[in-house]
Amino acid sequence: MNLSGALEIASCTDPGMVRSHNEDSIASDADKGLVVLADGMGGYNAGEVASGMATTVIITELQQLLEKTGPYGIDDRSGEEVAHQLLRDQIAKANTSIYQAAQSQPQYAGMGTTLVVALFYDNKMTVAHIGDSRLYRLRGDEFAQVTRDHSLLQEQIDSGVITPQQARQSQNKNLVTRALGIDPIVEAEIHDYGTQTGDIYLLCSDGLCDMVSDDEIGLALQTLSSNLKLCAQHLVQTANDNGGRDNVSVILVRVLRGYAAPRGMIRKMMTWFR
Amino acid sequence: MAKLILSMDGLVLKEINLTKERTTIGRKPHNDIQIDNLAVSGEHAVIVTILEDSFLEDLGSTNGTVVNGQPIKKHFLQNNDMIELGKYKLKYVAEASAGQAQVADFEKTMILRPGASKVAPAGSAQAAPAAPAPASSAKNFGDTAAIQGTAAHGPASKPLAATPQKAAALQLLSGANAGKELDLTKPLTTLGKPGVQVAVITRRPQGFFITHVEGASFPIVNGKSLDAQAHSLNDHDVIDLAGVKMEFFFKT
């Protein structure tokens, strides 16, 4: 599978104004339509280790798998979408690696990481996430959060204990209810979304959305959409100007053109030639 | 840890630490905070504390519960809230318990696991915040920099306003709209023609900055062409962008 020219990707990551380490980790591959962002947690440098393992395992494994075939269609045996299966399997693999490292090495005990992955193919994307790293979408003038955090705060909002306005005042930010590498098995939330030419997707760690309001993020994306790199730097800078109390990472993905999967004859020919 | 200060007619009667998940308030003796007054119902209200957050809920009391002058059913308590039950007053104080150091740990992500029981080896992870959560315990996978996992309070927990003190504006010096003024009130203001040349002026705490966004040529400030870096604007700088001259100035 090769999506070259279909996606433009820009990213920026920064330790912020307070922390000495950057425990966030990002990776992307525009040709494979793959972006990964992880926000690690754990003492010493264990957070970096966990997030680094997550992004490395997922991107390298998927790159190899996608080299062979595109994530199209439905798997015959399980009846599950191939893209979902690919993501689920690689996330499980990353989870096992982190979990085992945390179990076997005392200095890594208790490390874990949040994760958000997007895989673009066939004019859509599959998003998998765990924890409070987010994916947003800008389509036209409409800027909206796509993923829903796995956090205590989100659960409180859902159950009506507090309103989203009150949530900004809560002392219980940053308590995630799901993370990679903490338990032997983790369930990622996986959904499909259609993409359109001109869409801009933002993946970010909580260091951005805790420091910068959604309105301001949306404004930056709209205003600076013609220069993604600058936009990514601006978002990180705004988080730092507002205090930068956590690591800040952003990945921006713009859909430049359609990228429908090869179908019918062409596809058969391609498989035949392989 | 948050606490309540019970008082009547300005006289402090008692201080109650909110250590329990549920702290009940009422006239009957089995309540955690017993207020023996006929204006208070037998089971009047309850405060549910989840880690650092406390919620007050009226339990259908006869005379109701008032917070800061407003009758409430359910309320998310904020520092210095005044709860009134008849003649009695309860002040909610959420104080930063471990001093300034904890501010640094404020944004640290932690995981909350139902029934988490494993104890990490000493020296690699530290204990959860002091207040136990209902049927679950939070584990702070924080560093051992002797920082307790309690969150910061008060103004520190709100993002600072990213606004410089002075207001500024642009005045166009040439072109069809010469003489026009443009207030720079937004965090980002774009200038120029999309597809030809665009620059953006960002409003930051340190001041105003101009940055090139798109186009082959870069903006010119005071006769000097910029590079890709952001450029800090000074009072009465003259910007030349896509053939239009404009002056940047601070408003007094």
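Q: In this predicted model, how many bridges join S22(B) to strand S23 of chain B?
A: S23 covers residues 244-250 of chain B. S22(B) and S23(B) run antiparallel. Asp237(B) stands opposite Phe248(B) in S23(B). The number of bridges joining the two strands is 5.

Q: Which residue in the turn of the hairpin of S22(B) and S23(B) has a positive phi?
A: The hairpin leaves 2 residues between its strands. One residue in that turn has a phi of about 50°. That residue is Ala242(B).

Q: Which residue of S22(B) does Ile220(B) stand opposite?
A: Strand S19 of chain B spans residues 220-221, and strand S22 of chain B spans residues 237-241. The two run antiparallel and are joined by 2 bridges. In S22(B), the residue opposite Ile220(B) is Asp240(B).

Q: Which strands stand at the edges of the open sheet of 5 strands in chain B?
A: The order in this sheet is S4-S3-S5-S6-S9, with mixed pairing. An edge strand has a single partner strand, so one side of it is left without a neighbour in the sheet.

Q: What is the bridge partner of Ile25(B) in S4(B)?
A: Strand S3 of chain B takes in residues 22-26. S3 runs parallel to S4(B), and 2 bridges join them. The partner of Ile25(B) in S4(B) is Ile33(B).

Q: How many helices and how many strands does chain B have?
A: Chain B holds 252 residues, and 33% of them count as buried. Among its contacts between residues at least 6 apart in sequence, 40% join residues at least 24 apart. Its secondary structure comes to 0 helices and 23 strands.

Q: Are H6(A) and H7(A) roughly parallel or roughly antiparallel?
A: Helix H6 of chain A covers residues 214-223, and helix H7 of chain A covers residues 228-241. They pack at an angle of about 155°, with axes 9 Å apart. Angles over 145 degrees count as roughly antiparallel. That makes H6(A), relative to H7(A), roughly antiparallel.

Q: How many residues of the contact of H6(A) with H7(A) are nonpolar?
A: H6(A) passes H7(A) in a right-handed crossing. H6(A) brings Glu216(A), Ile217(A), Ala220(A) and Leu221(A) to the contact, while H7(A) brings Cys231(A), His234(A), Leu235(A) and Thr238(A). Of these residues, 2 are polar and 1 is charged. The nonpolar residues number 5.

Notes:
Residues numbered from 1 in each chain as written. Chains lettered and ligands numbered in written order. Predicted model: local features only at pLDDT ≥ 70, side-chain atom pairs only at ≥ 80, totals over all residues. Axes fitted to C-alpha atoms, helices over the stretch in contact; angles between N-to-C directions. Helix = DSSP H or I, 4+ residues; strand = E, 2+ residues; numbered from the N terminus. Parallel < 35°, antiparallel > 145°, perpendicular 65-115°, else oblique. Left-handed = near helix turned anticlockwise from the far one by under 90°. Contact = placed C-beta atoms within 7 Å. Nonpolar A, V, L, I, M, F, W, Y, C, P; charged D, E, K, R; others polar. Pairing = 2+ DSSP bridges. Buried ≥ 20, exposed ≤ 12 C-beta atoms within 10 Å, placed from the backbone.
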